Amino acid sequence: MLGNVNPTEFDLRFSLFGIPVRVHPLFWAVSAFMGWNANDPKMTLIWIACVFVSILIHELGHAVMAKHFGWPPEIMLYHFGGLATFQPYSGMTTQRSIIVSAAGPLAGFGLLGAVMFFKYISIRFGFWNNLGQQGAVYVGTTFHYLYFINLYWGLINLAPVLPLDGGHICEDICKAVKRYRGDVLAIQISMVAAGALAFYFFKEQYRFAGIMFALFAFFNFQAYQQRNNPW
């Protein structure tokens, strides 16, 4: 729905567990914009690092599960976050599709659990006692960012809004329950949910999230029109 982003000479490329990963420059730019701290650039760098690790782990969840089913995946991080792509040559079922979609958020929640456990252990055994006040602030901020991203972004990602994971899960369920035009029902649900969330986030002064869900509502409206007016 959000389209692909063409490769550039500035892309960061590497491989994890045999899975190709490409990071578009816009990923760094948007991450920096979201977490910009003019008073302390180190805070911005910490935010970017936390976003990078969190979204990469999320997409690895999708990709590893797709690879498990025999569908070679690729990962791209770009301005709207991340995207794990794969071609299900055979064996695609509703159950497998839901499992792949759910694997991303579950990986993020797993990272959250690991971070919280490490935080508990590190505080209990005083790992950061010798860092000094400023160092302790940076460590605490890192834990806070990882908690915020993997919990709240993970929960939002489960909303029944396309192209989020919750939207794809909702679409799979709608197609299974309503074989004729189940995809249209999923888009209708997505439009309403995206519009409601956009309204909520604007009301609460979360402008970036409000803009994002307003765009999702618009994209889904366009998709709905195309389904009903194919010509």
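Buried means under 20% relative accessible area, exposed means over 50%, and partly exposed lies in between (1.4 Å probe, protein chains only). This is a predicted model, in which local features need pLDDT of at least 70, side-chain atom pairs count only at pLDDT 80 or more, and totals for chains, interfaces and linings use all residues. Residues are numbered from 1 along each chain as its sequence is written, and side-chain values use heavy atoms, with hydrogens and water left out.

The tour follows salt bridges: a side-chain nitrogen of Lys or Arg within 4 Å of a carboxyl oxygen of Asp or Glu. The structure has five of them.

**Stop one.** Select Glu204. Its relative accessibility is 34%, so it counts as partly exposed. Lys203 is exposed, at 55%.

**Stop two.** Go to helix α5, residues 165-177, and pick Lys175 and Glu171. Helices here are DSSP runs (H or I, at least four residues), numbered from the N terminus. The pair sits four residues apart, about one turn of the helix. Their closest N and O atoms are 3.8 Å apart, in a salt bridge. Lys175 is partly exposed at 40%. Glu171 is buried at 14%.

**Stop three.** Select Asp11 and Arg13. Which of these is buried? Asp11 is, with a relative accessible area of 12%. Arg13 is exposed at 52%. Their side chains meet in a salt bridge, N to O 3.9 Å. A network of salt bridges links Asp11, Arg13 and Arg22.

Conventions
Helices (H or I, at least four residues) and strands (E, at least two) are DSSP runs, numbered from the N terminus.
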